[in-house]
Amino acid sequence: MFILGIPLLGSAQEVIVVPDTTKAEQFIVRDKAAINARLINAQDTTVKENSVAASDTTGQSSIGDTSAVTIALKDSTDNAQDTVVRKGGLEDILDIVAADSMIISMDNKKVYLHKQAKIVYQDLQVEAGYIVINYETQELFACGIPDSTGTKIVETPVFKEGADEYAMETLNYNFETRKAKISTVITHQGEGFLHGKEIKMMPDKSVNVGGGMYTTCDHPHPHFYLSMTKSKMIPEPNSKIVFGFSYLVIEDVPMPAFLPFGFVPRMSDRSSGLIFPTFGEEVSRGFFLQGLGYYFVLGEYFDIATTIDYYTLGSWGSHNVIRYKKRYRFDGSLNFDITNNVVGDKGSTDYYKSGDFRFTWSHTQAQQANPTTQFSASVNLSSPTYSSLNGESLNQHLSPSTSSTVRFSKSWEDKPINLSINLTHRQQMRNLDSDTRKKEGEYTLGIPSLTFDVGKFAPFKRKNAVGKEKFYEGFRFSYGMRFENSITFTDKQWGESDFFDRLDNGMSHAFGIDLPSFSLFKYINVSPSVNYGMNWHFRSTKYAWNNTTNALDTIKSGAFSELGITQNYGFGLSMNTTLYGLIQFKSHPEKGDPLIKAVRHVFKPSISFGYTPDLRNHGNGWRSVKSTEDGKVMEYNIYSGQKFSSLGGSESASMNINISNSLEFKLRNRKDTTGTNSLKLKLLESFNISTSYNFLADSMKLAIINFSGRTNIFDKFGMSFGFRVDPYDIDEKGNGINKLYWARHGGLKFGRMTSFNTSFDYTISGGKGKGVEAGQNPNPVEGVDYFSPHNTLYYVDFSVPWSLSAGVNYSMTKSYPYNSATGVMTPVTNNIITLNVRGSVTPTQNWMVSFSSGYDFNTSEIANTQVSIHRDLHCFEFNFSWIPVGRYKSWSFGINVKGSSLRDLLKYDKRSSRFDNYFNAL
């Protein structure tokens, strides 16, 4: 049984079946309907009425609309009761479309489709300019047609089966055997393209190719390819291309590089395989082989890539990456690297050996996995010299510190409750003595820190409030608990007998009560508050006078050996308001609007008062002890120096003052001829002044005055500044005295500037370039998924033709050292000035040059400088990087194909050794 569903293009008209006078029993169909009756008349009279509604002259009853018809073609062996598809017949509907015409030949039992022809059968689809279907032999032939000029073949066949697609010159296909014979085909396989001259498709969907080419270049005439004598495409589940003898061809020139055999896996799937190494030479470590390894696929969610480095003069390295991912749940990776660097001959003065390691772990949980519970990790542990000797980038070489955080957090829906547990690590590298080759690490581990917060809540607030809020409803309470436990040590101190006595820990409890706020004079917001805090300490430090040695003995308790409690409490009142100042300039009747149309000033003063009683008592850990032979008494706190050590002090009643300002101009827009649009310019985004005054202090009641501000004009010029002014003078030894500076020196000198800092940055960019749209991958490599063993993919943004940014940082601090031997105090001013420049230029769509540099005016040295050049060569890419000065002076050059399936095979790398330059600079 042969069933056809035939959608025909064109508008609905009367049904016209026009005889072709040149051929008997052939009909050209030029409309949509009533082809059923003519075809049924040519068939056996045993065709059932319910198969095709022959009596329906409109041709609609059996179809449902006029855009398609359903045709039952049966031979004389069929009968009305036969409902089983005969062996050799099609098993499903064959849908047909033709833009120009469809010719049905009853004698030849063929259907001819002209222009934009298309047939669909199950998961198979064929599009071509000309298609012939032989419904007796169940075969199909397709090819292209000449264009209007007759000089070019267009609408060449496109064959689609499942996810595979093939473009070709001609196609012969058998519906029964599922075999196809194709001439000159181009098919997209993953991120690559397979070109073939003679192709046979087998029933198992495998494809045999003769005279084929494989490439990742999408150009019709590829710039490079592997020329293969014969190959075979194997379908799912082991999807790959297997080929015999092949050789490399670049720009139609055969290269002296060949393979006796090989295979190309489909990059859309993961498969284990060899990781190809790179080769080179260094002066310090000799000839090397880097990155030789293997990529293992462990199930659906895991993979491992392990590689080794080998140097002929004794150095080696091992690098291991474990990655895991489950969509909508989590993803992460673990890296563990071990290196052994050997320089020089053993026993010589320049001999150096360093065994280093690095461990990193990154874990991210998807938000939708659990909205109220989150777990994340960012761990970076390494030996002190790993980054300086084995860093993969200049930033890694120069980084003096690393940090890690493992965090678990829990929140409760519809409740202001949050819980957070953190494990932290901070590592600082420092040089030992004058030998910069040897470094020591100082480590601080937080094991762990715990935070539990209950946000502000109003327990007296009515659920169904009616009318004005009651006074008592304004009471709000909050609670916060923090526990911290950390230890700081160096490499040498690791594992010592008193190692755990270095633990520093404590717990704080903070209770807050916000009293009902109110307005004063309608414009001043007043908010009173009460606070209470309790701190827990788990060790103490005490002192005792030793009559034998006539000195103080220090008595330290062990970690978690006791529980001590200190308390603090106080009262507060804050007031704030906002004032607006506006000056508008009128338009001139002849000159029009002024350049400055308006000036707007926003002034936000806030004042807070706080009272704290004298908390220096025995219950808060205060003790006294004889400290000298003459009986002088020293007061101290047994919890001093610990976390949350709220030592307390004398009674305090302070006033804190903060003033915030912003200044904005409204300018005439010269480009706007209507005069309705104006430009807004923020001359000052903020200018803040803050200080405090302690009413109960015995002297020097006014604190240091802090000034800070920032501005950003037209998003191009940015500036920030800050300085500190001490209102009190100093004596001849440089110590502060209870004398106001302006009272002693007069004039506008209201204080001593103790520090000043400012930074300027200016950024410009131009051009409209032919870059990518926002959010798109600027240099996509198709078929490479998360688990690809090659994670170094270059993405270059060509969307901005050029940009330039420059920044200047300046800081000044003043100190007043006193020389007791000479009795002279000499003021010292320390100035630091640095310049940083960064930019990029894209002269064409495919070129990009970027650079970064700087200058240190104090040392008169050029800062770390790097120049990078990238060239997009269609299917290849070129990269060049150069560090011209400094300890890490080096350069690198590379050219490689973009497709990751051939990246390791078709690439050329040449570089100087950053490792050599590092040791030569010492």
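V126 touches A117, K118, I119, I131, L140, A142, V158, F159 and L171, leaving aside residues up to four places away in sequence. Touching, or contact, means heavy atoms within 4.5 Å. The model is predicted: local features need pLDDT of at least 70, side-chain atom pairs count only at pLDDT 80 or more, and totals for chains, interfaces and linings use all residues. Residues are numbered from 1 along each chain as its sequence is written, and side-chain values use heavy atoms, with hydrogens and water left out.

The largest nonpolar core has 48 residues. Among them, L113, I119, V126, I131, L140, F159 and L171 touch the most other members. A nonpolar core is a set of buried Ala, Val, Leu, Ile, Met, Phe, Trp, Tyr and Cys residues joined through side-chain atoms within 4.5 Å. Buried means under 20% relative accessible area, exposed means over 50%, and partly exposed lies in between (1.4 Å probe, protein chains only).

F159 leads on to the aromatic rings. Y121, F159, Y166, Y173 and F175 form one aromatic cluster. Rings of Phe, Tyr and Trp (its six-membered ring) pair if their centres lie within 6.5 Å; planes under 30 degrees apart count as stacked, over 60 as edge-to-face, and the rest as tilted. A search of the whole structure finds 34 aromatic pairs. One of them joins F460 and F477. This pair is edge-to-face, with 6.2 Å centre to centre and 75° between the planes. F460 sits in the loop between β33 (435-457) and β34 (476-490), and F477 sits in strand β34, so the pair ties together parts that are 17 residues apart in sequence. F460 is partly exposed, at a relative accessible area of 42%. F477 is partly exposed too, at 23%.

Now the whole protein. Its secondary structure comes to six helices and 61 strands. Helices (H or I, at least four residues) and strands (E, at least two) are DSSP runs, numbered from the N terminus. Of the 922 residues, 36% count as buried. Take the contacts with a separation of 6 or more: residues 24 or more positions apart account for 52% of them. The accessible surface comes to about 52,300 Å², and 55% of it belongs to carbon and sulfur atoms. Accessible areas come from the Shrake-Rupley method with a 1.4 Å probe; for residues, only the protein chains shown count as cover.

L274, Y294, F296, L298, Y301, F302 and I322 make a patch of about 640 Å². Patches are made of residues with over 30% relative accessible area and no salt bridge; like charges are joined within 9 Å, and nonpolar side chains (Val, Leu, Ile, Met, Phe, Trp, Tyr) within 5 Å. Strand β25 (residues 286-298) gives the most to the patch, with three residues. L298 is found in this strand. At 45% relative accessibility, L298 counts as partly exposed.

Charged pairs come next. The structure holds 15 salt bridges. A salt bridge is a side-chain nitrogen of Lys or Arg within 4 Å of a carboxyl oxygen of Asp or Glu. D337 pairs with R358, and their closest N and O atoms are 2.7 Å apart.

R744 forms a salt bridge with D729, and the closest N and O atoms are 3.1 Å apart. The pair links distant parts of the chain: R744 in helix α4 (residues 741-745) and D729 in strand β49 (residues 728-730), 15 residues apart. R744 is partly exposed at 47% relative accessibility, whereas D729 is buried at 6%. Salt bridges that share partners also join D123, E161 and R178 into one network.

R358 has a further neighbour, S382. This serine is placed in strand β30 (residues 373-382). S382 is buried, with a relative accessible area of 3%. S382 touches F357, R358, Q427, M429 and Y443, not counting residues up to four places away in sequence.

N370 lies in the loop between β29 and β30. N370 is partly exposed, with a relative accessible area of 30%. N370 and R329 are 41 residues apart in sequence and 8.5 Å apart in space, C-alpha to C-alpha.
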